[in-house]
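Subject: Structure handover

Hi,

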Amino acid sequence: MIITVTLNAAIDRTMAVPNFRQGNRHRSVESRAVAGGKGINVARALARLGKPVIATGLAGGPTGQRLIEELTEESILHDLTLIGDESRMNLAVIDPTSGEQTEINERGPEVTAQEVDSFLDRLDYLARGASLCVLAGSMPPGVEPNLYARIVGELGQRGVTVVLDAEGEAMRAGVRAGPSVITPNVLEAEELVGHEFEGPGDLASGLAQLLELGAGEVVVTRSEGCVAAVGEPAERTFYEVRTEPLEPVAAVGSGDAFLAGYVAARYDGAPASECLAFGVACGAESTQHFGAGVIDPAKVARLLGEVAAEGLEIGAEIR
């Protein structure tokens, strides 16, 4: 199995509102609410790609119950730990006239130490039948930021490949624990290394710095694709993978679709360059749908021919 972990799961509502302006009254022309949170979005896309995936994490209250019902209706296998406080609701407003996207995310429920321990016991059980685990998204209030690091360490001892996609202190602590792969976007990567990437040279050196922090491999996602440092240290390869961006219907969750595509290809044992290219194709195709983690595998296959994976030029000091 592939496990996806979503500690701060949500009901994600996406609304299309033409000519959206703050302070004005509007009517949406389209609206969709789905079970969400990064790991759940990844699970949705993996399920559509036909991969054996189970979504786990935390859910509570009426919102959590609705979240579980939504997953069941979508035939996404799930095993969420129930908590006492209410799961969050998020809102994304997309203006189809300008392409602008506004997101409002709740902080999430308060989670007790006992609830965390119950979740970890369940994850330990699920990990016995897993080869790969995706840890994705924010931490709810009250959860120690080193929880991802703890999970990385425990799953690593089981031989499970761990892919980490988070932000802030939870990401910093998680990277130091040595996950197999990290997949930040550019802004998250810049936050980790403490400076902006101003050009191709900065991208390559940034990848090297992220490796030094503890990650086994690094993929940094961008609007046009990704850059990556993959492979064992003695055989490490730096890639730049690009495709022409499509006119988006909605970009909500495109990074999650990329992650699902990358993980799906890796699960199948594809070479690193093909894993990255498939992820980029999935991320691009997902922008044509209204709702996070929604992809059309047939259209992904057609887009794959337009994705270019090339070696990223690196300086001698990185070699």
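Let me begin with helices H3 and H4, whose crossing is right-handed. Please keep in mind throughout that this is a predicted model. H3 covers residues 113-127 and H4 covers residues 147-157; their axes come within 11 Å and cross at roughly 25°. Angles under 35 degrees count as roughly parallel, and H3 and H4 are therefore roughly parallel to each other. On the H3 side, the contact is made by Val 116, Asp 117, Phe 119, Leu 120, Leu 123 and Ala 127. H4 contributes Leu 147, Arg 150, Ile 151 and Leu 155. Sorted by class, this contact has eight nonpolar residues, two charged ones and no polar ones.

What angle do the axes of H1 and H8 make where they cross? The answer is roughly 55°, with the axes of H1 (residues 38-48) and H8 (residues 254-267) coming within 8 Å. That angle makes H1 oblique to H8. The crossing of this pair is right-handed. From H1, the residues in contact are Lys 38, Asn 41, Val 42, Ala 45 and Leu 46. Facing them from H8 are Asp 256, Leu 259, Ala 260, Val 263 and Ala 264. By class, the contact of H1 with H8 divides into seven nonpolar, one polar and two charged residues.

H8 also packs against H9, at an angle of about 145° and with the axes 7 Å apart. H8 passes H9 in a right-handed crossing. The H8 side of this contact consists of Ser 254, Ala 257, Phe 258, Gly 261, Tyr 262, Ala 264, Ala 265 and Arg 266. H9 brings Glu 274, Cys 275, Leu 276, Phe 278, Gly 279, Val 280, Cys 282, Gly 283 and Ser 286. Here the classes come out as 10 nonpolar, five polar and two charged residues.

The largest pocket has a volume of about 1300 Å³. It is lined by 49 residues, and those closest to its centre are Lys 38, Ala 251, Gly 253, Ser 254 and Gly 255. Two of these names came up above: Lys 38 is in the contact of H1 with H8, and Ser 254 is in the contact of H8 with H9. Which element gives the most to the lining of this pocket? That is H8, with five residues. Other elements that give two or more residues include strand E2 (10-16), strand E6 (88-94), strand E7 (101-105) and strand E11 (217-222). Helices H1, H6 (186-193) and H9 (272-286) also belong to that group. By class, the lining of the largest pocket has 16 nonpolar, 22 polar and 11 charged residues.

Best wishes

Notes: Residues are numbered from 1 along each chain as its sequence is written. This is a predicted model: local features need pLDDT of at least 70, side-chain atom pairs count only at pLDDT 80 or more; totals for chains, interfaces and linings use all residues. Side-chain values use heavy atoms; hydrogens and water are left out. Axes are lines fitted to C-alpha atoms, for helices over the stretch in contact, and angles run from 0 to 180 degrees between N-to-C directions. Helices (H or I, at least four residues) and strands (E, at least two) are DSSP runs, numbered from the N terminus. Angles under 35 degrees count as roughly parallel, over 145 as roughly antiparallel, 65 to 115 as roughly perpendicular and the rest as oblique. A crossing is left-handed if the near helix is turned anticlockwise from the far one by less than a right angle, and right-handed if clockwise. Contact means heavy atoms within 4.5 Å. Ala, Val, Leu, Ile, Met, Phe, Trp, Tyr, Cys and Pro count as nonpolar, Asp, Glu, Lys and Arg as charged, and the others, Gly among them, as polar. On a 1 Å grid over the protein atoms alone, a cavity is a set of points where a 1.4 Å probe fits but cannot get out, and a pocket is an open set with protein on both sides within 12 Å along at least five of seven lines; lining residues have an atom within 4 Å of a point. Grid points are joined across faces, edges and corners, and a volume is the space filled by probe spheres set on the points.
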